[in-house]
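Subject: Structure handover

Hello,

Please find the structure below. My notes on it come after.

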Amino acid sequence: MNFLNIEYFLVAAKELNFSKAAEKLYISPQSLSTHIAKLENELGVELFYRDHPMRLTYAGEILVKRGQDILDGKNQMIDELRDISDSKKGKLSIGVSHTRGLVFLPLVLPRFHEEYPGVSIRVLEASTSKLDTALANGDIDIMISLMPFSNENVQSVELLSEEMFMLIPDKILDKYFPDNKADVLYRLQNKNEISLLKDCPFLMLHTDNRVRAIADKVLNENSIKPNILLEVENIETLLELSRRGMGITFYPHSLQTYSASKKFEGLHIVKVSYGTKQAIGVGHLKNRFLSQAAKDFINILKEVIQ
């Protein structure tokens, strides 16, 4: 079976328009039609109803479901054979949130590149939910994230356990607690009376981020329906906005450890309890081939973190 024909078919099946699909593939519509016709002849079925609008036949729908698995299997086979011939060459795709990438990648990538200069590295920085999908689809080889991983088919190793902090601007305390600021801060930092902040403004990550899930849990357990002024993708944006007094936000301990101290000027750090201590781990799919380079990346990561 010609893998190129399957690749072209999947693009055509997504577009349901040969001209648009051909443009994406940088070939002519006639060339694409020839590839599809060869695939149909090989399989003995029609894959498209070629009227307007163009539609997939039942056989085409089946091939859409199976075709990506076929190509994925081919790619895994090539990776495995390449690893046998030379584990110092190949490629490695790493998925990590913007937050974790800021902390972990500068610690591990320079050393890994020194040991594996022939391995091409690709980093996908995205939200946890997008990384989960990328790992499940084989778009990334390994993923660094909060544990547990949502996919039961992921084999993971814990790197460290961290706590979550609330960052409370001094300006917010001055505005909302002008007469008892010192007492409120004491109750927050020593008694964890988070409910005191029920009327204050909050700055949050988007809802598909695990840090946001922890923040929502903490606020809910303290009966706070937060006044959310802003939701953003990048936690460093939240830090800077909070530092300038715009609102309260949540921040992982690992980032606080590796960030410059001046970034926290004007902020009060409150450790959040309620079982929010989280493990951070690195994981990969159990049923996918993992190259020696990927295994060594995980080992280096464990060594530099621990």
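Predicted model: local features only at pLDDT ≥ 70, side-chain atom pairs only at ≥ 80, totals over all residues.

Residues are numbered from 1 along each chain as its sequence is written, and side-chain values use heavy atoms, with hydrogens and water left out.

Confidence

pLDDT is the predictor's confidence in each residue, from 0 to 100. Its mean over the protein chain is 86, and 92% of the residues reach 70 or more. Helices (H or I, at least four residues) and strands (E, at least two) are DSSP runs, numbered from the N terminus.

Two strands pair if DSSP finds at least two bridges between them. Five strands make an open sheet with mixed pairing, in the order S4-S3-S5-S12-S6. Strand S4 (118-125) and strand S6 (154-162) each have a single partner strand, so one side of each has no neighbour in the sheet. Within the sheet, strand S5 (residues 142-146) and strand S12 (residues 278-285) run antiparallel and are joined by four bridges; Leu146 has Ile280 in S12 as its bridge partner.

Axes are lines fitted to C-alpha atoms, for helices over the stretch in contact (heavy atoms within 4.5 Å), and angles run from 0 to 180 degrees between N-to-C directions.

Arg100 lies in helix H5. With 4% relative accessibility, Arg100 counts as buried (under 20% relative accessible area; exposed is over 50%, partly exposed in between; 1.4 Å probe, protein chains only). Leaving aside neighbours within four places in sequence, its contacts include Ile144, Leu146, Glu162 and Ile280.

The three-stranded sheet

A further open sheet has the order S10-S7-S11 with antiparallel pairing. Strand S10 (249-252) and strand S11 (267-271) are its edge strands, each pairing on one side only. Neighbouring strands here are turned by 35° against each other on average, direction ignored. Strand S7 (residues 164-169) pairs with S11 over five bridges, with Met166 opposite Val270. Helix H9 (residues 210-221) lies across S7 and S10, at about 125° to S10.

Regards
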